[in-house]
Amino acid sequence: MGLFDQILSAIDNPNQQASPNQLGNILGAVEQLSSNQGVNTGTTQLAMSVLGGYVRSALQNVRAQSGDAQAQQLVNQFSGTNPNPQAVQSLFGVGQLTQIVNDIAHRTGLNNATVQAMIPVLVPLILNLLQTGGNAQNPAQGGNPVLNTFLDTDGDGDVDITDAMSMAGRFLNQRR
């Protein structure tokens with residue numbers, strides 16, 4: 001089951017945190033960021049997808065070193081729709097951040113300054129997307145199928161965040 005399928009399943013499950021409003025807030029924040037930076041939404045989603053690969057690696061490292069609960073705690077602590085430099089610092093070192101900025105700039109055609117400005121917004125949005133599978137009554141509890149799907153990928157290097165965001169937009173438009 002793909003990432004978006006897990007998100008849809010979470011929306012349909014009252015025991016999980018996901019809601020159409022949460023998905024709409026994430027999409028709205030991506031659109032607002034795109035507008036603020038003068039970038040089209042597709043490019044912002046591509047940047048988010050590339051960054052998602054790095055977030056996945058960082059969370060996989062946390063999970064390997066400290067367990068599922070610590071990975072879920074990071075997701076819960078730093079997810080949101082507002083810029084959060086602490087979220088970035090919690091996942092990446094300074095040297096790694098330079099590499100990430102260069103990679104995203106190279107793959108999207110954006111300049112490094114724009115990418116650097118976008119990252120503190122995109123990391124909490126990615127974590128917010130991953131939080132959708134969390135337990136609604138006890139968010140600290142493990143067993144988040146959205147997070148698990150994200151972390152247990154097939155290793156092809158493709159993070160399907162762009163696809164998930166695109167499908168989320170279509171899903172929300174159908175509900176209106």
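Student: Which residues are exposed on the other side of H2?

Tutor: Asn 21, Ser 35 and Asn 36 are exposed there. Exposed means over 50% relative accessible area, buried under 20%, and partly exposed in between (1.4 Å probe, protein chains only). Helices are DSSP runs of H or I with at least four residues, numbered from the N terminus. The model is predicted: local features need pLDDT of at least 70, side-chain atom pairs count only at pLDDT 80 or more, and totals for chains, interfaces and linings use all residues. Residues are numbered from 1 along each chain as its sequence is written, and side-chain values use heavy atoms, with hydrogens and water left out.

Student: How do you know that the buried residues of H2 are on the same side?

Tutor: The buried residues are Gln 22, Leu 23, Ile 26, Leu 27, Ala 29, Val 30, Leu 33 and Ser 34. They cover an arc of only 150 degrees around the axis, and therefore lie on the same side of H2. The arc is that of the directions from the helix axis to the C-beta atoms.

Student: What makes the reach of H2 close to the expected one?

Tutor: H2 has 18 residues and reaches 26 Å from its first C-alpha to its last, close to the 26 Å expected. The expected span is 1.5 Å times one less than the number of residues.

Student: Why is Arg 56 called buried?

Tutor: Its relative accessibility is 8%, and the limit for buried is under 20%. Arg 56, in helix H3, therefore counts as buried.

Student: What lies 3.1 Å from a polar atom of the Arg 56 side chain?

Tutor: The backbone oxygen of Phe 150 lies at that distance.

Student: Why is Gln 89 called exposed?

Tutor: Gln 89 is found in helix H5. Its relative accessible area is 60%, and exposed requires over 50%; Gln 89 is therefore exposed.

Student: Which residues have the most contacts inside the largest nonpolar core?

Tutor: They are Leu 51, Leu 59 and Phe 92, in a core of 49 residues. H7 gives the most to this core, with 11 residues. A nonpolar core is a set of buried Ala, Val, Leu, Ile, Met, Phe, Trp, Tyr and Cys residues joined through side-chain atoms within 4.5 Å.

Student: What is Phe 92 in contact with, leaving aside its neighbours within four places in sequence?

Tutor: Phe 92 is in contact (heavy atoms within 4.5 Å) with Leu 51, Tyr 54, Val 55, Ala 58, Leu 97, Ile 100 and Val 123.

Note on methods. Helices (H or I, at least four residues) and strands (E, at least two) are DSSP runs, numbered from the N terminus. A polar contact is a pair of N or O atoms within 3.5 Å; within protein, one must be able to donate a hydrogen and the other to accept it, and residues adjacent in sequence count only if both atoms are side-chain atoms.
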